[in-house]
Amino acid sequence: MPTQPAIRVTGLHKSYGDFEAVRGIDFEVAQGEVFGLLGPNGAGKTTTVEILEGLRSRTSGEVSVLGFDPANDTMAVKDRIGVSLQATNLPEKMKVLEAVELFAAFYSRATDITNLLKRLQLWEKRGAFYSTLSGGQKQRLALALAMINEPQVVFLDEPTTGLDPQVRLEIHSLIEELRDQKRTILLTTHYIEEAERLCHRVAIVDEGKVIAIGTPRELQQKILGHSRVEICTLSPMPLDLPKDWPEEFPIHFTDDRKKLTVPAPKPARAVVDLVKWLDAAGAELDDLHIKRPTLEDVFIELTGKSLRD
Ligand SMILES: Nc1ncnc2c1ncn2[C@@H]1O[C@H](COP(=O)(O)OP(=O)(O)OP(=O)(O)O)[C@@H](O)[C@H]1O
């Protein structure tokens with residue numbers, strides 16, 4: 001028998017007054033899967049996630065988390081999930097260890113606090129006031145608080161927004177550790193690289209709807225026509241074109257003819273043809289890239305707008 005999904009969302013709607021923020025969202029997250037909700041500000045990601053966490057009511061639709069309905073079995077859901085909110089604001093004068101101990105008391109089971117703080121490199125900071133922590137340390141504390149009850153499902157709402165690139169990478173490796181432990185993770189983000197790096201599957205959300213769903217690779221495949229091949233040579237490339245080169249894929253050369261760029265729906269095939277042609281002409285290769293479309297390209301293709309303002 002197939003195991004039940006960790007999260008199931010069917011026909012979810014949420015209105016704030018006359019405004020419909022979520023307009024019929026469907027997706028499932030398997031146990032042990034890292035699933036990303038990717039979309040611009042205001043797409044309805046936080047609303048969806050907070051409904052799953054039991055923090056907001058829904059207008060209509062069905063949702064379940066580990067088989068429980070967060071609207072009715074709120075305590076059962078809260079006890080089994082970990083939540084890192086978009087902005088975790090703790091009292092300025094609360095110390096790291098106090099915060100962790102306080103949160104641990106909310107749950108029926110708690111993990112070993114010393115281990116947790118050491119794993120997140122916060123043990124040295126256990127006596128520090130919240131107000132004195134850096135952005136990265138605050139975010140690591142938010143992750144610690146989300147992990148305190150050894151949750152089966154972890155919700156991370158924009159875990160790296162506003163952090164500098166170095167700290168973002170640090171948080172990414174912590175999330176990868178959680179992924180390796182086979183935790184189910186629902187992550188919202190508007191950073192493409194984050195979704196591509198961390199998520200098994202991604203739902204692209206725009207204006208309260210899921211407009212595409214699949215692995216990052218599957219989504220990219222959808223618009224593979226946007227792949228490009230780039231080749232550089234040490235000496236100028238020949239003036240002719242490869243034999244039988246299709247007209248619909250014009251090759252663009254730089255003025256010194258030492259670099260070419262070409263759109264290639266079948267990039268591997270194109271590379272073989274181009275390299276043979278260059279080799280026959282005695283042009284020595286310097287560099288070769290296949291540039292696949294990013295999720296950003298997928299998003300632009302589907303919506304005609306960019307993910308970030
Ligand atoms: N309590 C509320 N009352 C009225 N409108 C709201 C409320 N919460 C959210 N909205 C609106 O609903 C829409 C979706 O918001 P939501 O926070 O779910 O989006 P999001 O995709 O998470 O974006 P962000 O990344 O900015 O958080 C937005 O237009 C927002 O202004």
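A: Begin with a term: helices and strands here are DSSP runs, numbered from the N terminus. With that in hand, H1 gives the most to the shell around the ligand, with 3 residues.

Q: What scores does the predictor give the complex?
A: This is a predicted model. The predictor gives the complex an ipTM of 0.93 and a pTM of 0.79. For the protein chain, the average pLDDT is 89, and 96% of the residues score at least 70. Where pLDDT is low, the predicted coordinates should not be read in detail.

Q: Which residues surround the ligand?
A: Around the ligand stand Tyr16, Phe19 and Ala21, then Gly39, then Asn41, Gly42, Ala43, Gly44, Lys45, Thr46 and Thr47. Strand S2 (19-29) and helix H1 (45-52) each supply at least two residues of this shell.

Q: How many residues of each class does the shell have?
A: The shell around the ligand has 6 polar, 4 nonpolar and 1 charged residues. Gly counts as polar in this scheme.

Q: Now the strands. In what order do they form the open sheet?
A: The order is S2-S1-S4, 3 strands in an open sheet with antiparallel pairing. S2 and strand S4 (60-65) are the edge strands, since each pairs on one side only. On average, neighbouring strands of this sheet are turned by 25 degrees against each other, direction ignored.

Q: How many bridges join S1 and S2?
A: Strand S1 (residues 7-16) pairs with S2 over 8 bridges, in the antiparallel sense. Val9 stands opposite Phe27 in S2.

Q: Which strands does H1 touch?
A: H1 packs on the sheet and touches S1, S2 and S4. The direction of H1 makes about 120 degrees with that of S1.

Q: Where does Glu150 lie, and what is its phi?
A: Glu150 lies in the loop between helix H5 (135-147) and strand S6 (153-157). Its phi is near 50 degrees, a positive value in a residue other than glycine.

Q: Why does Glu150 count as partly exposed?
A: The reasoning needs a cut-off: 20 or more other C-beta atoms within 10 Å make a residue buried, 12 or fewer make it exposed, and partly exposed is in between. Glu150 counts as partly exposed because it has 15 C-beta neighbours inside 10 Å.

Q: Where is Glu207 found?
A: Glu207 is in the loop between strand S8 (201-206) and strand S9 (209-214). Phi of Glu207 is near 50 degrees, a positive value in a residue other than glycine. Glu207 has 15 other C-beta atoms within 10 Å, so it is partly exposed.

Key
Residues numbered from 1 in each chain as written. Predicted model: local features only at pLDDT ≥ 70, side-chain atom pairs only at ≥ 80, totals over all residues. Near = placed C-beta within 6 Å. Helix = DSSP H or I, 4+ residues; strand = E, 2+ residues; numbered from the N terminus. pLDDT = per-residue confidence, 0-100. Pairing = 2+ DSSP bridges. Axes fitted to C-alpha atoms, helices over the stretch in contact; angles between N-to-C directions. Contact = placed C-beta atoms within 7 Å.
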